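Here is a short note for someone opening this structure for the first time. Please keep the 3D view at hand while reading the points below.

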Amino acid sequence: MSNQQLAATTTSRTLALAEIVSVALSCLIAEWVFLSFLSRYRWLVIVPLLLAVAFMVLSQSAYGESARDLGFRSDNLVQTLRLLIWPTLIAVIIIFVVGWYLTGPPSLPRLLRPRLLVVPAWALFQQYALQGFINRRAQVAFGKGVVSVLLVAVVFAVLHLPNPVLSILTLLGGLIWAAVYQREANLFALAASHTVASISLAIALPLNVINGLRVGFKYFG
Amino acid sequence: MTKARLVNFLIGKSILETVLVSAIAVGFYINAFPPYFHGWGEATSSGIAGWAVNDNAPLDRVTVQLFVDGKFVATQTANLSRPDVAVAGWAKDEWHGYQFSLSKFTVGTHEARIYALHESGGSTRQTLQLLGDPINFATDAAGVITDLSTSPTPHR
């Protein structure tokens with residue numbers, strides 16, 4: 001590798017890592033600052049989120065990535081679902097067994113919460129940010145493989161701090177989803193898996209164990 | 001969009017976020033710890049007495065809390081008569097005094113601190129602000145309290 005190539009690679013890697021840090025920081029600012037300290041104006045949380053989304057869109061434009069490249073596609077939906085079905089099923093069984101052991105069967109009111117209706121859209125957005133952006137930039141920095149998969153999972157877990165149960169679960173989920181994305185990039189299938197796992201968590205595990213799925217400063221109160 | 005412009009946007013985004021977080025930090029601090037409480041306290045022969053005023057709402061009565069040696073002792077509303085406070089221009093009326101009785105402290109020296117209790121965030125958040133300086137006092141075997149503080153004048 002020539003010096004020029006080495007310099008270009010280093011620059012690309014540095015930029016990709018800076019992009020990951022920037023988007024992760026926007027999310028952390030939203031969680032730890034806007035949602036926690038702006039009680040009456042918490043809707044302003046949209047500001048760091050919009051900044052992050054605008055940055056991701058501009059970045060994808062700069063890298064020449066199409067929606068199909070990111071994983072908004074249907075041709076590999078079945079293959080991706082096949083990769084995800086067993087890990088998702090195993091996770092759901094474990095979640096329900098643990099929940100049953102801790103509090104008994106899930107109650108009907110928890111199954112019927114209207115809030116659960118937004119989970120699919122929220123899951124798709126999270127997978128877009130996590131895989132369609134962070135995973136792809138991690139691959140720019142480190143290539144496909146263990147390091148980039150681990151980086152994605154760690155970022156996902158950090159965004160769920162200081163909730164210990166969510167951080168551990170998102171680390172594990174992040175590892176699986178990032179690895180699957182590197183084999184088959186399909187965000188709809190990942191969002192489906194994410195939705196099933198999230199709803200299972202919300203209805204099966206006791207609220208005190210997951211602390212109402214709270215993250216950031218809200219976790220404490 | 002080129003990568004060079006992306007870097008510019010990245011820097012701009014970072015600066016904007018820094019400004020936003022700084023503004024929120026300053027705003028939160030002013031909201032949670034507003035600079036308009038002042039007051040003063042001293043050890044009397046039977047306890048801790050003083051006054052507390054909220055400059056932002058001069059006719060409101062401030063809730064004060066007493067801590068001795070770092071431990072919470074009592075809370076009360078500062079609404080006792082203190083004509084001297086109004087005469088000195090610290091308050092618009094005289095009803096800003098407080099008086100905590102102390103009776104169960106061990107013989108020796110202690111430190112009392114009086115805090116103004118402030119609610120913010122739609123009453124979801126409570127913060128304490130120290131009024132004046134810490135008050136050093138001694139109790140003897142008869143339960144008599146002696147003020148050891150050297151500061152005779154009111155403080156913000």
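1. A definition to start: a helix axis here is a line fitted to C-alpha atoms over the stretch in contact, and angles run from 0 to 180 degrees between N-to-C directions. The model is predicted.

2. Take α4(A) and α9(A). Their axes come within 9 Å and cross at roughly 10 degrees. Angles under 35 degrees count as roughly parallel, so α4(A) is roughly parallel to α9(A).

3. Which residues meet between these helices? From α4(A) they include Leu77(A), Leu84(A), Val92(A) and Phe96(A). Among those on the α9(A) side are Phe188(A), Val196(A) and Leu201(A). By class, this contact has 13 nonpolar, 5 polar and no charged residues.

4. Now the largest nonpolar core, which has 44 residues. Val23(A), Ile134(A), Val152(A) and Val180(A) touch the most other members. Seven stretches of chain A, α1, α2, α4, α6, α7, α8 and α9, each supply at least two residues of this core. Which helix gives the most to this core? It is α9(A), with 10 residues.

5. Leaving out residues up to four places away in sequence, Val180(A) touches Thr80(A), Leu83(A), Leu84(A) and Leu190(A).

6. There is also a second, separate core, of 25 residues. Trp40(B), Ile48(B), Ala78(B) and Tyr115(B) are among them.

7. Finally, the contact between the chains. Chain B brings 18 residues and chain A brings 20 residues. On the chain B side, 10 are nonpolar, 5 polar and 3 charged.

Terms used. Residues numbered from 1 in each chain as written. Chains lettered and ligands numbered in written order. Predicted model: local features only at pLDDT ≥ 70, side-chain atom pairs only at ≥ 80, totals over all residues. Contact = placed C-beta atoms within 7 Å. Nonpolar A, V, L, I, M, F, W, Y, C, P; charged D, E, K, R; others polar. Core = buried A, V, L, I, M, F, W, Y, C linked by C-beta atoms within 7 Å. Buried ≥ 20, exposed ≤ 12 C-beta atoms within 10 Å, placed from the backbone. Helix = DSSP H or I, 4+ residues; strand = E, 2+ residues; numbered from the N terminus. Parallel < 35°, antiparallel > 145°, perpendicular 65-115°, else oblique.
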